[in-house]
Amino acid sequence: MEKRKKIEEERAKAEAEARAAAEEAERLEAEKEAEEEARREAKKQKEKEKKERLRAEGKLLSAKQKAEQARLAAMRQQMLAKAGIDADKLEEVVKPKRPVYDDRKKKKAEFEERRRKAEEEHAAAQAKAKAEEEARLAAEAEAAAQANVADDWDAEDWDEKDIALPGQKEEEERLAKEAAEKEAAEKKRHEQEKRAAEAAATFEAKKVARAKLTAEKPWAKEAKAKAAAKAQAEGSSSEEEDSDSDDESDSDSNEDSDSDSSDYSDSDSSDYSEDSDDVREREREERMRAAKAARMARFDKAKALRSPNKLRCPIICIMGHVDTGKTKILDNIRRTNVQDGEAGGITQQIGATFIPKESLIERTAQLNKGDWNLRVPGLLVIDTPGHESFTNLRSRGSSLCDLAILVVDIMHGLEPQTIESLNMLRSRKTPFVIALNKIDRMYDWKENTNFPTQETLALQKQHAQREFQDRYDKIVIEFAEQGLNVAKYWENPDPRTFINIIPTSAITGEGMPDILQTLVDLCQNRMNERIQYVPAVQCTVLEVKMIEGLGTSVDVILINGKLKEGQTIVVAGLEGAITTQIRALLTPQPMREMRVKGSYIHHKEIEGAQGIKIVATGLEKAVAGTSLLVLDAQDDEEELREEVLSDMRGVLARVDKSGEGVYVQASTLGSLEALLEFLKSDAVKIPVAGIAIGPVNKRDVMGASVMHERKRPEYATILAFDVPVTKEATLMADELNVRIFTADIIYHLFDQFTAFMEKVKKDKKDAAANHVNFPCILQIMPNCVFNKRDPIIVGVDIVKGVARVGTQICIPSQGYIDIGKIASMELNHKEVKQATAGQSVAMKIEPKTPSESSRLYGRHFDHKDQLVSRMTRESIDSLKESFRDDLSKDDWRLVVQLKTQQEKALGETI
C-alpha cells in the first residue's frame, strides 16, 4: 500500500514537473513570438518612416517623375545623336544595389547551423526523458506484481494493461507538431536559399553591367564612391536590419517568409531613389557640357571659313570725358543733330550709326584725291556714355568694339575720365586713335569747313598756329606722363609704338576726313584678320524699346553672322531667359542713329556688322547689355538659356544684399554696371545693398525700406538712373519714408545723393553736439577769474586737446566733481565755438544741475586744479560716429588717456 502511494506521489510529481516544463516552454515560445512580432512592427514602422522621409525629400519617384526621367533620357539620346556619339554603346543606368558581402552570408549560415543544432539537442533530450520515464514505469509495475497484494484495488493485471499517464497525449501531439514545423522550415529554407542564389546571380550580372557603365562614364565612379561611403556610415544599423530580415524569414507566416527579399528590394529602391537626383544632375551637366562643346565646335568651324577678301564693318567706339565733343563728332559725320535731344547734352545710352562705303568715299575725297583702296563695306560707330558702358560691353568677351576713338579737349587736356578711359584701353590692349577736338577754339581761328587737318592748319595765321602747337605740346607731355608716345598721324615715325593724334573740330568738320581715313586704314591694314567676316551669329543687346504700332523691340549690334525673319532667338530677361521668334528686322536709314525716331528699312535677312532693331513678342523683360543667341536645329535650348543668363548672374552676384547700402535701379544692364562701378570708385564709395533693372515699382520701395529695420535710415534710398517711377511706388515711398532720387545724368544722381548724405551727417552732428564731450585739459589763469559761481567765468589755457562749446567739465583732483558745460568762449574779444591746444580763451561754464550750481571757485577748486572733459561711453561713441575726422591722432590719444584715468579713479568701466 505504501509502495503504491509512493508510486502515485512520484507519478504526480513527475506530471507536475512535466506540466511546469510544458508551461515554461509555452511561455518562452510566447515571449519569443511577442518579441519577434514587436521587432517586425518596429521594422515596418521604420520602413514606413523611411519611405515618408524619402517622399518628403523628393527621392521617391512618382509616376510623373518617372515620365519626366524617361523624357530626359529621350532628350539625352537625341542630343548624343546630334553630337555624333554612338548611343548604342551607352547603356541605361543600373539601379545601384547594396552588395551582399561574404561576412553577412557567413553570419547567416552560422546562425542556421546553431539553430539546427539547438533543435536536434532539444529533440534528443525529449526522447531521452521519454525513454527514462517508460523504463521507470516498467520497473514499478514489475515490483507491484512481485508484491502479490490481495487487495481488490490491486486485482488489475498491470502488465497486460496500457497505462495512459495524464498529459501524455498532449505531449505526443506537441512533439508531432514540432516535427511537422521542422520539416516545413527545412523546406522553406531550401526555397529561400534557391531564391538567394538566383538573386545573387542577377546581382552579379547587373554588377558587371554597372562596371561597364562606370568605365564609360567618369561620374559613375564618384557616385559609386559616394554610395560606398554612405553604406559604411550606416554600418551596424544595416547589419541589424539584415539580421532582423533573416530572423523573420524563418517565422510562421507567409508575410514574414518574404520579408527578406522584400527588404532587399526596398533597400535597393531607396538607395536608387537617393542617388537618382545626383544621377539626373550629372546627366544634365554632362548634356549641357556636350551641347556647349558642340556649339563651340560649330563656331570654330565657321571661324575657319574666314577669308581676307570678305571683311565686315569695323565697330568703332567713341570714348572720352564728359563734354569733350564725342556725340558732336558723330553728328558732324552724319550731318545730324542728336546731341541737342540728349539730357544736358550728355550721352546717356549707347547709339549705333552705320556709315556706308559711299559716304566714306565722299567725305574723304578732298584728302585722298580719289585714290583710295576701300575694302570694308562701311563703319559702325557706337557712341558710349563716357567710358563705363564700353568697359561693360568689352568685359563680356563679345569683342564688341574693334577700334576706339579717344576724344581729348585741346583746351583742357587729359581729364580724370579721359585717364580712366586710357587705362582701360591699355589694360584690354585695345587699339585706338586720339581725336584732339575743339581746334576751332584757338584765338582768331579761321574756319575751313570739312577741310583736312594739314590744309586747314596751313591756312591759319601764325599766332593761331603757335597757340595750337603750344597746346599740342602740353598734351603730348601729359600723354608721356601716362607712359604713352603720341604723334600727329602724318608725322608718326612708327605706328606700332606711337599713337596717332588727329586734330579735329566737331563744329566746323575740320579733320573729319583725316579721322575717317585713318580708322579705315588701320582696320584694313593692321586688323585685317580681326574684321574678317565669320558666318556664325555674334550679337549683343543694346537697348529695349517700345515702338508704336510694332510693340516691344530690342536694339542690337550684330557683329558677325546673319539674322533672318522667323528665326528663334534666346535673350536674357529679368525673370529668366526669353525664347521668342523674330517678327521683323529693322535698320535706320544710312547715316542715321538707332536712337532717333523715323522711318525704318525692313529686311528679310541681314549680315553683320550692323545695328539692328529686332521686333518680337515677349521682349518686355529683356535685359540690355547681354548676349543674343540664335536657336538652331543642332542647339540645345536649355544650354542656350543658361548661357545668356550667365552675364546677368555675374552682375547680380556682385551686390551683397545682406549688407547695408542704397538701392540702385537703371534702364539697362550696362547702365546698371556703370552706376555700380561709379558708386564703388574711391572718389564716391557709396555702398549698394540692392539692384534692379527697369521702372521703380512697389517691390523696389519695400526692398529699400529694409534699411530702416537695420538702423540705417539714411540708406533707405533709391537711386533711379534714367528710369520712370510708378505712381504706386511714389505713394508707398512716402508711407515708408523712402527717398527716391531720379536723374538722367549719372553725375547729377551722385550730386543729389551726396548733398543728402551731407545733410544727414550735419543733422547727426547737431543732434550729437548736445551730449558729446571733446577731449581737453584746461588750466585756470589765477588773475583771470571773472565770476566764481553760476556761471563760472574764467580765463583758461588749453593745455591739450580741443575745447568745444557743449563739453562737460569736471575736476579730477577733487574726485571728478562736475562744474557744468562750456556755454561760450571768447578769443581776442571774438566769440569762438572751439579752441585748440596753445590758445588762451575766456570761458563761461554754466551748471546744469543743482549740485553743479553749488560749486564755488575758491572753496571747491582753485587755479591749482586742472579742468578736464568728462568721458562717458555715449560721448566716445558719438565722437567715433560723427566727429571721427574732426579729431587728430593726438586728440584720440588724449581720449584714451582721460578715459583710463577716470576709470582708475572711480573704479568704474566706461
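At 24% relative accessibility, does K765 count as buried, partly exposed or exposed? Point 2 has the answer.

1. A word on the ground rules. This is a predicted model, in which local features need pLDDT of at least 70 and side-chain atom pairs count only at pLDDT 80 or more, while totals for chains, interfaces and linings use all residues. Residues are numbered from 1 along each chain as its sequence is written, and side-chain values use heavy atoms, with hydrogens and water left out.

2. K765 is partly exposed, at 24% relative accessibility (buried is under 20% relative accessible area, exposed is over 50%, and partly exposed lies in between, with a 1.4 Å probe and protein chains only). D886 is partly exposed as well, at 36%. The two side chains form a salt bridge at 3.2 Å, N to O (a side-chain nitrogen of Lys or Arg within 4 Å of a carboxyl oxygen of Asp or Glu). D886 sits in the loop between helix 24 (873-882) and helix 25 (889-906), and K765 in helix 22 (residues 746-768), so the pair ties together parts 121 residues apart in sequence. Helices (H or I, at least four residues) and strands (E, at least two) are DSSP runs, numbered from the N terminus.

3. Another salt bridge joins E24 and R27 at 2.4 Å, N to O. These residues are three apart in helix 1 (residues 2-57), so about one helical turn separates them. E24 is partly exposed at 34%, and R27 is partly exposed at 38%.

4. In the salt bridge of R712 with E714, the closest N and O atoms are 2.8 Å apart. Here R712 is partly exposed at 25%, whereas E714 is buried at 5%. The whole structure holds 37 salt bridges.

5. Now to strand 24 (residues 817-827), which runs antiparallel to strand 23 (residues 808-811) and is joined to that strand by four bridges (strands pair if DSSP finds at least two bridges between them). I809 stands opposite G820 in strand 24. Five residues lie between the strands of this hairpin, where G815 takes a positive phi near 75°.

6. Strand 24 is also antiparallel to strand 25 (residues 830-832), with three bridges, and to strand 27 (residues 840-846), with five bridges. M825 is worth a look: it stands opposite V832 in strand 25 and opposite M843 in strand 27. The hairpin of strands 24 and 25 has two residues between the strands, and N828 takes a positive phi near 55° there.
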